[in-house]
Amino acid sequence: MDDSCISKYLELLPAFMGREISKFKTLADKKAKILSRLMLRDSMTDASVSNDLSNWNRDDNNKPFIKHWYSFNISHSQEFVVLAYTIEETIGIDIEKMEELEYFDLIKYFHSDEQLFIESREKPIENFYEIWVKKEALLKAVGTGLTESLCDFDCTDNNLSYRGQNWYLKEILINLDYKCYICSPNPVTTLDISEFILDKNTINMLK
């Protein structure tokens, strides 16, 4: 996203969104938020509905929703922003760039089977991110955030039971340096993926 175009992109969004985005301290965060809102606007257009983002709201757990539209969820990491929407009652998505980190202290809070999954494999860093992203996608789908210990549920498999409900995870291949998963209350049998590229022509396309 060209820095000089930020103000023009903001003109495509409701004023309250612009005020919310302006509160973010880093330029990278501002760009990610703008891009995610434009992606949502474009997705609503593709779904042949009004792309009026003034219906943006948040529930009691701060999860965003658009009144009278599909359930959706957004995540971003580094240069990627991902958005998922569904006719199901809820969905969660998370993406993280896999970077070197000291994960040993972090996995102490994971389920014992997850710890074994991470430590017994050839690529422990990659497996750490796989578990982490799965957990984030699940919690975002549930919509309540982390209200229980991370060790209380096991995400080594792509289907699990959490809070008395079945949940299904599916990996989305975005980039070899990233892990991305979606989570939904039913198995994902059909998945349409499209790329949203923001350039100078996008302003005229979205108006």
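Visitor: Is Lys135 buried or exposed?

Guide: This is a predicted model, in which local features need pLDDT of at least 70, side-chain atom pairs count only at pLDDT 80 or more, and totals for chains, interfaces and linings use all residues. Residues are numbered from 1 along each chain as its sequence is written, and side-chain values use heavy atoms, with hydrogens and water left out. Lys135 has 2% relative accessibility and therefore counts as buried (buried is under 20% relative accessible area, exposed over 50%, partly exposed in between, with a 1.4 Å probe and protein chains only).

Visitor: With which residue does Lys135 form a salt bridge?

Guide: Side chains of opposite charge can pair when their charged atoms come close. The criterion for a salt bridge is a side-chain nitrogen of Lys or Arg within 4 Å of a carboxyl oxygen of Asp or Glu. Here the partner of Lys135 is Glu114, with the closest N and O atoms 3.0 Å apart. Glu114 belongs to helix H4 (residues 112-119) and Lys135 to helix H5 (residues 124-142), so the pair ties together parts 21 residues apart in sequence. Helices (H or I, at least four residues) are DSSP runs, numbered from the N terminus. Glu114, at 0% relative accessibility, is buried.

Visitor: How many salt bridges does this rule give?

Guide: The count is eight. One of them joins Glu171 and Lys179, whose closest N and O atoms are 3.3 Å apart. Salt bridges with shared partners connect Glu126, Glu130, Lys134, Glu171 and Lys179 in one network. Glu171 is partly exposed at 30% relative accessibility, whereas Lys179 is buried at 5%.

Definitions and conventions: Helix = DSSP H or I, 4+ residues; strand = E, 2+ residues; numbered from the N terminus.
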